[in-house]
Amino acid sequence: MFVRAAESVPEYREFVLSFSCYGSLCSREFVRQPEIVFRKRRGGMEEKQEHGVPEIFTKRVTRQLPSDELEARILAFLGSRSLCVLATCRSNVPRATPVLYRSKGFTIYMAGEPGRKLGNISQNPTVSIAIFDPEAEFSEKIDDITGLQIGGKARLIGKEEPEFMDAFLMFGRPASWAEHWYGKMIEVVPDRIELLAMGLKNEGYAARQIWVRNDR
């Protein structure tokens, strides 16, 4: 935040405060920088907003969705997307990998080519997954920001395991391809899922909704 002095007049001195928004939820693409003018008079400080911040940006809502509704929305979002970012870590060295996925209920499957992510999972099965709606990247509406942050445990499934072929076929590839592939299927069972949907504020619900597995 910075302050610049505007013109002075005998009755008052005017200051313009320009606010810049940073982070994933507010940038120049989404919100125009507002200018708030404060006029200092003898009676105190008067505030005048020249370019208003959208209400959805500042609106505070804490109401949670009913559990069945939250689960339905999460499952619908999972089923509507096919690309995620899988974050793994070993020896305090993180790695984030864009990878195609398929979902079955809350469980997520990925086809893992040989590489560091498979090695990380073999040493540390705790992973995080991020999935977002790409339309929000090209939209100027904050309402369109939607995504999932998923934390859970990953398991590598090799060809010798009975679940391998079922997971492999979820990607629409011929079964005959499996024998020529040297990777492993990755199964992630979420422990916690955070749904971020700014449009929920328009429905009277908090933008961040949290689902936690209750059979842990």
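Strands here are DSSP runs of at least two residues, numbered from the N terminus.

**View 1. The whole protein is shown as a predicted model.** Four helices and eleven strands make up its list of elements. The protein has 216 residues, and 38% of them are buried. Now take the contacts between residues at least 6 apart in sequence: 58% of them join residues at least 24 apart.

**View 2. Threonine 107 sits in strand S7.** This strand covers residues 107-112. Is threonine 107 buried or exposed? Its relative accessible area is 15%. Buried means under 20%, so threonine 107 is buried. Which residues does threonine 107 touch, leaving aside its neighbours within four places in sequence? Its contacts are Arg102, Glu187, Val188, Val189 and Pro190.

**View 3. Asparagine 214 lies in the segment after strand S11.** Strand S11 itself spans 208-212. Is asparagine 214 buried or exposed? Its relative accessibility is 77%. The cut-off for exposed is over 50%, so asparagine 214 counts as exposed.

**View 4. Asparagine 214 and arginine 192 are shown as a pair.** How far apart are the two residues in sequence and in space? Along the chain, 22 residues separate asparagine 214 from arginine 192. In space, their C-alpha atoms are 9.6 Å apart.

Key:
Residues numbered from 1 in each chain as written. Predicted model: local features only at pLDDT ≥ 70, side-chain atom pairs only at ≥ 80, totals over all residues. Heavy atoms only, no water. Buried < 20%, exposed > 50% of the residue type's maximum accessible area, 1.4 Å probe, protein only. Contact = heavy atoms within 4.5 Å.
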